[in-house]
Amino acid sequence: MATAPASIRPPAARRTACILGTAGHIDHGKSSLVKALTGTDPDRLPEEKARGMTIELGFAHLTLRGAGGELDVGIVDVPGHERFVKTMVAGATGIDLGMLVVAADDGVMPQTREHVDILDLLGVGAGLIVINKSDVATADRIEEVRGQITELVAETALADWPIVASSARTGLGLDEIRSSIARLIADLPQRTSSPIFRLAIDRVFPIHGRGTVVTGSVLSGTVAPGITLELQPPGLTCKVREVQSHGVALHDVAAGRRCALNLTGIDREKIARGMELSTPGYLTPARYVDAQVRVLSHVEKPVRSHQQVRVSLGTCEEMATLVVFGDSEITPGGRAMAQFRFERPVVAAFGQRFILRNENAQTTLGGGIIVRPVSRRIRGNDAAEIELVTAAASPEPLRRYEAALRRAWFELQSTTGESGRINLRLSCATGLDAADLGALHQRLEKQGAIIRIDAGRVVHRAVLDAVSERALAYLRRHHKSNPNEPGVQRDRFVGWLEQRTAAGCGRWMLARLESAGKVATRGPYVAHYEFRPALSPEDADLLERAIREITAAGFDPPLLAVLKAAAGLSEARMKVLEDTAKCDPRVVQIAPQHFISSQTLQKMKDTVRGLGAGRSFKLAEVRDALGLSRRVVQTLLEHLDRVQFTKRVGDERVLLEAGQ
């Protein structure tokens, strides 16, 4: 259930429907109490009836009269046996009210305690406690059990729940239970209207002539016949043919109700309990999920980092490795940020609660709240990532949204038809309404925290800075290993950048690094701005003499091979001279073996900029302005075209934006 922390829940009005879930030890009469209240036996399986023990989830429907009219209550009856705690947690997903049942003769038992922990960890803050089988107990015994219960729930969300003595066999207290439920519903806030539909599947079965049917509690949004949904984690799409609630066909069903959906376009064999149906684009399967974890105070031992655990999330249970951030363990009663590394992908949303059990499923260790439903593998001592996870858990929407953008890296590209899905993913990651994200985005853009790379892609400035630092470190490593080379091949460096950003972003990042003066591009090479090749005294002298000749030649320098400094050089030595010249900022390569001094080229650019201000110009105008031959001007203009300072249009040229 994607429940946001209380500090960020918007206020809401009352409602007239809810889902109530039972809880309690085996054989304390949960199912018989549901039958007495509703007339429906929730134990539907033959083996359940034969053994007198609930094994699977059972369902019933109760209609009550409240001050505002009719109240609709969907009831989920859960198993009480310790072997079926996983099923109990699945049934508790999406409930609004809890009904803890304690038998008067037995009193508080092991699964009573565990179910209290689970209701508390899942944030079920409203409900009632029923002392069942009161007809077989004395008044003193009932008061003794009431005291046990009061002590048990004292430090939990159940502390203020009303306690009702009842008997499913005689009908004692049933009316009081009904009136208590009605009062509790009246005090429940209305579920906020959401465009996002979610249903955690707890049953799947075929109906002859109709196809596949799934059931579950509607966690958010509304479902109606004809809409398309996404089945996750498989990522399959299907359509809703028919919607029912408690056996009645309806036009739609909203959050807070049980429903059955008749699906088309998907095979029954591909659906299982634990999967979710949701608005397409909202949920994203992930093996790495970050969370706030709370360990129960009465757990015997600390929960160690890298310990194997079972995580009950929605109606699914998956094995995971728990990695504690910033520590080696979580002590009993403690809380910490941590990462779950699941064996198989799961789906979740920000604020969704979960239950944590030990590897062999014998003990409930604790639970918590999902902070980042989609993460990446993080080291437990990574301070920067821990800071980001902490920001992702912030009660401040802007800080959470900014953390989500940083986590998204270069993935937010809203091309045609995709912007809606991107907003849905961000909504899932932050717990914020997709409609509110635009205003937050504008605030960050005004602050300069977001950089727009192109018409669709946006990246947080901190992400660009991180990539820049990694790129500079990569260049430094290369220069250290290859001190005689002029740098990294440009195409190779662009490819390296794209592997760490996204397709199409490598050249943009290189241009950004060049503009900031962090790297120097010299011909086909890219180098760190501080780097100069390690030259021998002879090579250094050779380069200095060549640069003096090139500078003295002005606008018409000869090829390297024609320079006096290069006379008699072998082909290998000539290549060394050319490669080292490419790395020297005093000269610029304009063609193979053809260099011009940077100062001279700047004069050329200044002249062209003056001629091309607000209009196109011809080669002859540049020739006349500089007093040069057509051959020389043509070579220089072709170089300016290649570096996109100018653009040739027919017989004329125009200045490009970068050159203005």
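Here is the tour, stop by stop.

This is a predicted model, where local features need pLDDT of at least 70, side-chain atom pairs count only at pLDDT 80 or more, and totals for chains, interfaces and linings use all residues. Residues are numbered from 1 along each chain as its sequence is written, and side-chain values use heavy atoms, leaving out hydrogens and water.

**Stop 1: leucine 37.** Select leucine 37 and you land in helix α1 (residues 30-38); helices are DSSP runs of H or I, at least four residues, numbered from the N terminus. Leucine 37 is buried, at 5% relative accessible area (buried means under 20%, with a 1.4 Å probe and protein chains only). Leaving aside neighbours within four places in sequence, leucine 37 is in contact with Leu62, Met99, Leu174, Ile177 and Arg178 (contact: heavy atoms within 4.5 Å).

**Stop 2: the rings.** Rings of Phe, Tyr and Trp (its six-membered ring) pair if their centres lie within 6.5 Å; planes under 30 degrees apart are stacked, over 60 edge-to-face, the rest tilted. That gives 6 aromatic pairs. Select phenylalanine 340 and phenylalanine 342: their centres are 5.8 Å apart and their planes at 45°, so this pair is tilted. Phenylalanine 340 is buried at 0%, and phenylalanine 342 is buried at 2%. Next, pick tyrosine 474 and phenylalanine 493, a stacked pair with 6.2 Å between centres and 10° between planes. Tyrosine 474 is in helix α11 (residues 461-481) and phenylalanine 493 in helix α12 (residues 490-500), so the pair ties together parts 19 residues apart in sequence.

Terms used:
Helices (H or I, at least four residues) and strands (E, at least two) are DSSP runs, numbered from the N terminus. Buried means under 20% relative accessible area, exposed over 50%, partly exposed in between (1.4 Å probe, protein chains only).
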